[in-house]
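Visitor: Please show me the structure, and then I will ask about it.

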Amino acid sequence: MRCQFLIDCSRSSIASTQSRNIRVTVLKNMFKKIALTRSALKKAIVVVSVCALASFLLLLYWNDSSESTKPSSTMAMGIYNTHIVDGSLDGGPMSAGDSVRDSAIPINPIERLWTYRCVNNRCVRHHFVDGVEEDFDTNNAHQQQQQHGGQAPAGAGSANAGSSSSSPGKRIPYLTCTMTCGPINIWPQPTGATTIGSKTSRFRLSDMHVKIVTKFEPVDKLLHDAYDVLRAEVRAAMVSHGATLEEIEGAVPAASVPAGVQQLPRAEERSLATEVNDAATVGRSAGAPETSGVGKIHFFKLVSDKRYDVDAFEVNVHVEKSGDTHLTLHTDESYNMTVTHSARVLIVKITANTFFGAKHGLTTLQQLIWFDDEERTLKVLNKASIEDVPKFNYRGLMLDTSRHYFTVDAIKRTLVGMSHSKLNRFHWHITDSQSFPFVSRHYPQLARYGAYSEREVYTADDVRELTAFAKVRGIQIIPEIDAPAHAGNGWDWGPKHGLGELSLCINQQPWSNYCGEPPCGQLNPKNNNTYLILQKLYEELLEIVGPLDYFHIGGDEVNLECWQQHFNDSDMRTLWCDFMLQAYHRLQLASGQNATAPRLVGVWSSGLTSAPCLSKNTFAVQVWGGSKWPENFQLINSGYSLVISHVDAWYLDCGFGSWRSTGDGACSPYRNWQTVYKHRPWEEMKLTTLQMRQILGGEACMWTEQVDESILDARLWPRASALAERLWTDPTEERYSESVPLEVYNRMSVFRNHLLELGLRAEPIFPKYCAQNQDECV
């Protein structure tokens with residue numbers, strides 16, 4: 001018993017010890033977990049604190065960035081920002097495998113379901129499924145090869161120099177078909193003898209080289225810059241169609257070189273690699289994250305020559321007569337161009353008397369080049385002879401930057417569209433009664449009191465940058481400080497600075513008694529300080545954009561009631577004459593001693609412009625009223641030179657309804673591109689040959705009461721391009737015809753797509769079905 005008892009006690013003791021050990025172990029583990037939890041909690045608190053601090057610093061950075069002195073464009077438009085300045089691509093880096101940029105505008109996607117054939121000089125769409133063309137009459141498939149000049153057609157049966165584009169199983173893209181079938185696809189249409197073949201050559205962008213022949217160094221530099229712009233825009237157009245880096249440069253990674261392709265020597269290989277690497281990283285912002293394949297050295301091998309028809313693409317530009325790089329009303333803008341292809345060498349020769357003519361030749365050449373999204377190569381029409389000269393020397397576009405502010409990028413985008421349309425004068429209506437965004441060196445108070453914000457301004461550097469940008473593209477900037485009317489906000493600081501009332505009726509109510517639209521404001525014609533400020537403004541602008549032979553000083557919609565309440569003892573018409581003559585005198589003083597005073601001074605038409613005080617030898621009149629208004633004939637009969645901007649045809653802001661509850665507030669109806677194109681006022685006015693010499697040209701106007709940067713492109717393009725052909729080519733049609741010829745619709749459709757490739761959001765001219773099926777809709 002006792003033994004058993006001892007055994008039981010021993011067992012009980014052992015069990016108790018084990019239980020105690022288990023409890024101790026459990027407690028130890030629990031305390032360890034608590035300790036670990038506390039440690040993790042401390043670590044979590046540290047991590048959260050660091051993240052919060054980082055977020056706070058980033059927030060400070062963003063706030064600081066948002067207060068930068070200049071706003072950037074709010075639209076991710078792809079290429080229009082940087083490549084148009086320095087020949088680079090915008091829109092971020094592009095790796096070798098990229099097929100399309102996220103920021104690219106919606107270019108037409110590849111139409112893999114369709115192929116196009118040239119039938120009776122028009123492109124006909126057919127289904128293309130699994131490499132087989134369906135429901136196509138082979139008897140009509142191949143059109144006879146021919147050259148076309150003027151309205152003569154071009155066949156599309158053979159798109160390549162060495163091979164037929166109608167090979168079995170090969171899809172023919174719409175652009176390739178339309179460039180090789182039917183009438184010439186150049187906008188504006190050339191005016192002289194023109195012959196363009198239908199055969200094409202495939203080439204690498206890296207094979208293009210330019211040779212400038214001129215004895216004038218400034219011309220040489222500008223032409224090299226213009227050629228760099230051409231190359232950059234061609235490259236950007238390829239990117240907009242989804243081209244990869246290898247397709248752009250005509251090379252493939254060394255690791256994927258097909259067997260039998262000759263290896264490059266190391267020196268050439270390194271040179272090509274560097275060139276491709278530069279193309280990949282150009283336009284990239286500082287600190288941008290690297291994507292795969294970008295910012296690294298890649299060794300490339302040239303693609304097999306079988307893909308291409310040329311080994312060299314030589315662009316020879318000759319300018320031997322004039323070294324002038326400043327556009328005038330008498331500048332010779334003509335050019336001749338030939339394109340030939342022989343022994344795998346394609347030669348383009350452009351001859352002109354001035355830089356501006358040669359620049360137009362490069363623009364035309366660019367329209368002969370496109371990217372074939374089936375063969376994945378660039379193509380060019382390889383036989384051409386073009387003689388071209390504009391009908392009018394003044395081909396303008398006006399943009400109002402007072403009623404809404406537009407960034408420098410947006411204005412550059414507008415200049416790009418102008419350049420490709422061969423418009424040559426950008427009339428910059430900088431100021432109005434709504435705002436004064438120009439920062440004057442002498443009188444910064446104008447912008448301080450008149451700008452919408454400290455960021456919505458144009459500095460002298462901005463104007464200088466835009467002037468240089470425009471010059472390379474063959475465009476002259478004509479600034480306008482509107483006066484004496486349309487001068488309110490920005491001019492109300494005179495009394496505070498001891499200069500007296502610089503402007504009268506500022507924001508006066510009821511506005512309808514004192515101005516055409518709110519807010520009111522009209523310069524004080526009896527305050528000498530007003531003229532002194534105008535002189536200094538003219539001086540600053542001429543220093544930046546000059547020399548100019550044409551300058552605009554405003555002069556429209558003067559409200560005599562405004563002046564009447566202050567100067568009721570004066571003859572108001574005489575007062576207006578005195579103001580305009582004094583403004584002209586101040587412009588002459590602003591020109592200084594360098595004899596660069598503008599030969600002609602532009603003023604807007606009004607009931608006062610026909611006053612005998614304005615000399616017809618000094619003043620030109622921009623006629624903005626209706627095409628049938630008597631002022632057109634009165635001004636012609638008085639001997640004035642005219643720039644025509646008829647409101648019923650060439651005012652691009654019309655047709656969007658009234659923007660205010662009282663008064664008319666808007667013009668209507670909408671001026672479509674056909675209306676712009678068909679307007680031929682000199683024919684309607686039955687002007688004689690002698691009177692036609694008084695027509696300097698024309699200008700489309702974009703007033704911006706209802707336009708801001710978000711819709712600027714669509715409001716301007718392609719309607720401004722329709723004006724461009726009217727002023728460059730001035731095609732004659734049936735006098736009483738209400739319609740535009742079918743070939744003009746097709747050319748406009750192709751050119752509108754060209755504008756899209758350049759990064760402009762040009763509005764469509766009809767449904768896409770109509771573009772794919774020529775002539776069916778019109």
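The questions below concern an annotated site and some cysteines.

Guide: This is a predicted model, where local features need pLDDT of at least 70, side-chain atom pairs count only at pLDDT 80 or more, and totals for chains, interfaces and linings use all residues. Residues are numbered from 1 along each chain as its sequence is written, and side-chain values use heavy atoms, leaving out hydrogens and water.

Visitor: Which side chain makes a polar contact with the side chain of Glu 557?

Guide: The UniProt annotation "active site", from an unreviewed entry, covers Glu 557; such annotations may be inferred rather than shown by experiment. A polar contact is a pair of N or O atoms within 3.5 Å; within protein, one must be able to donate a hydrogen and the other to accept it, and residues adjacent in sequence count only if both atoms are side-chain atoms. At 2.8 Å, the partner of the Glu 557 side chain is that of His 486.

Visitor: Is Cys 118 buried or exposed?

Guide: Cys 118 is joined by a disulfide to Cys 181, a disulfide being a pair of cysteine sulfur atoms within 2.5 Å. Buried means under 20% relative accessible area, exposed over 50%, and partly exposed in between (1.4 Å probe, protein chains only). The relative accessibility of Cys 118 is 3%, so Cys 118 counts as buried.

Visitor: What is the handedness of the link of Cys 577 and Cys 613?

Guide: A disulfide joins Cys 577 to Cys 613, with S to S 2.1 Å. The angle about their S-S bond is -75°, and the link of Cys 577 and Cys 613 is left-handed.
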